[in-house]
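Colleague: I am new to this structure. Please show me how to read its features.

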Amino acid sequence: MRNSQLLWHSALLLLGYLTLASLQVYDDMSDLRGSYCEYIGCCQNRKDTCSKPIIVGTLCYCDDFCNRTDVHDCCPDYWSVCWGLEITTPLPPPTTRRPPEQITSCTFKNRVYFVNQTTRDNCKNCRCVPTGVQKVEMMCDPDVCLIDDEILYAVNAESHGWTASNYSKFWGETLERGVKYRLGTLQPKKDVIRMNPVKRYYDPAMLPTHFDSASEWPRYVTGIQDQEWCGSSWAISTAAVASDR
């Protein structure tokens with residue numbers, strides 16, 4: 001009796017192996033390896049409870065019924081645990097499509113810069129950086145420059161009575177730095193803003209139509225001073241007024 005059961009089991013194993021070989025059944029869940037049938041055991045015939053969750057909302061089975069069609073719902077380790085077979089998923093055919101070439105440089109003002117290479121454009125620091133798939137771009141600081149070719153052209157295109165020029169000492173400086181250090185325009189404090197103006201009553205007819213202190217007092221009027229980049233207009237103007245008086 002025991003020998004007949006052994007022969008019957010061996011015949012089933014051989015039949016299963018031949019069936020798998022002829023149908024070329026592959027483990028379509030090979031990327032979900034784990035202990036499924038090894039944990040719950042193998043079941044004969046159909047047994048719906050002989051299952052284990054494998055994906056959210058999906059069960060795999062370890063009974064004989066799971067291998068009823070070409071598209072089976074057996075657990076990934078069903079073949080090795082229940083049949084002693086190692087089934088591998090065939091690799092896809094090699095592709096002949098070459099990947100696109102990687103863009104590694106930017107063109108900026110007729111010059112080529114490689115990725116992460118930097119340059120300076122007037123007052124702005126610029127860098128060649130990737131900005132997307134197969135796309136690189138020269139990205140510059142958003143600062144507004146104190147001297148700009150477009151601004152010079154726009155100013156000189158109209159008649160203002162004077163000509164804007166490209167002063168080398170202003171080139172490469174930002175507008176923010178120029179306003180802060182060359183003009184010295186600091187916002188006054190609140191108590192200064194609340195001060196009332198001094199009112200003087202006079203007859204406009206008594207005032208001259210033209211007055212130039214440099215012509216009136218040529219030896220006593222201080223000339224125009226350059227405060228450089230120290231934001232000291234308040235000190236220079238105060239000293240000039242005091243000395244001229």
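Modeller: Start with burial. Buried means under 20% relative accessible area, exposed means over 50%, and partly exposed lies in between, with a 1.4 Å probe and protein chains only. Take glutamate 173: with a relative accessible area of 18%, this residue is buried. Two notes on the source. This is a predicted model, where local features need pLDDT of at least 70, side-chain atom pairs count only at pLDDT 80 or more, and totals for chains, interfaces and linings use all residues. Residues are numbered from 1 along each chain as its sequence is written, and side-chain values use heavy atoms, with hydrogens and water left out.

Colleague: Where is glutamate 173 found?

Modeller: Glutamate 173 is in the loop between α4 and α5. Helices (H or I, at least four residues) and strands (E, at least two) are DSSP runs, numbered from the N terminus.

Colleague: How do I read a salt bridge?

Modeller: Side chains of opposite charge can pair when their charged atoms come close. The rule asks for a side-chain nitrogen of Lys or Arg within 4 Å of a carboxyl oxygen of Asp or Glu. Glutamate 173 forms one with arginine 177, and the closest N and O atoms are 2.7 Å apart. Arginine 177 is partly exposed, at 33% relative accessibility.

Colleague: How many salt bridges does the structure hold?

Modeller: There are 4 salt bridges. Another of them joins aspartate 121 to lysine 109, with the closest N and O atoms 2.7 Å apart. Aspartate 121 lies in strand β5 (residues 118-121) and lysine 109 in the loop between β3 (105-108) and β4 (111-114), so the pair ties together parts that are 12 residues apart in sequence. Lysine 109 is exposed, at 57%. Arginine 46 and aspartate 48 also form a salt bridge, at 3.1 Å between the closest N and O atoms. Arginine 46 is exposed at 54% relative accessibility, while aspartate 48 is partly exposed at 44%.

Colleague: And aromatic rings?

Modeller: A pair of aromatic rings is described by the distance of the centres and the angle of the planes. Here, rings of Phe, Tyr and Trp (its six-membered ring) pair if their centres lie within 6.5 Å; planes under 30 degrees apart count as stacked, over 60 as edge-to-face and the rest as tilted. That rule gives 4 aromatic pairs. In one of them, the ring centres of tyrosine 167 and phenylalanine 170 are 6.0 Å apart and the planes are at 65 degrees, so the pair is edge-to-face. Phenylalanine 170 also pairs edge-to-face with tryptophan 229, at 6.3 Å centre to centre and 85 degrees between the planes.

Colleague: Why does the pair of phenylalanine 170 and tryptophan 229 tie together parts apart in sequence?

Modeller: Phenylalanine 170 lies in the loop between α4 (149-156) and α5, and tryptophan 229 in the loop between α7 (213-216) and α8 (233-244), so the parts tied together are 59 residues apart in sequence. Tyr167, Phe170 and Trp229 form one aromatic cluster.

Colleague: Which charged end sits over the ring of tryptophan 229?

Modeller: That of arginine 182, 5.1 Å from the ring centre. The rule needs NZ of Lys or CZ of Arg within 6 Å of the ring centre and within 35 degrees of the ring normal. Arginine 182 belongs to helix α5.

Colleague: Is arginine 182 buried or exposed?

Modeller: Arginine 182 is buried, at 16% relative accessibility. Elsewhere, lysine 52 lies over the face of tyrosine 39, 5.4 Å from the ring centre.
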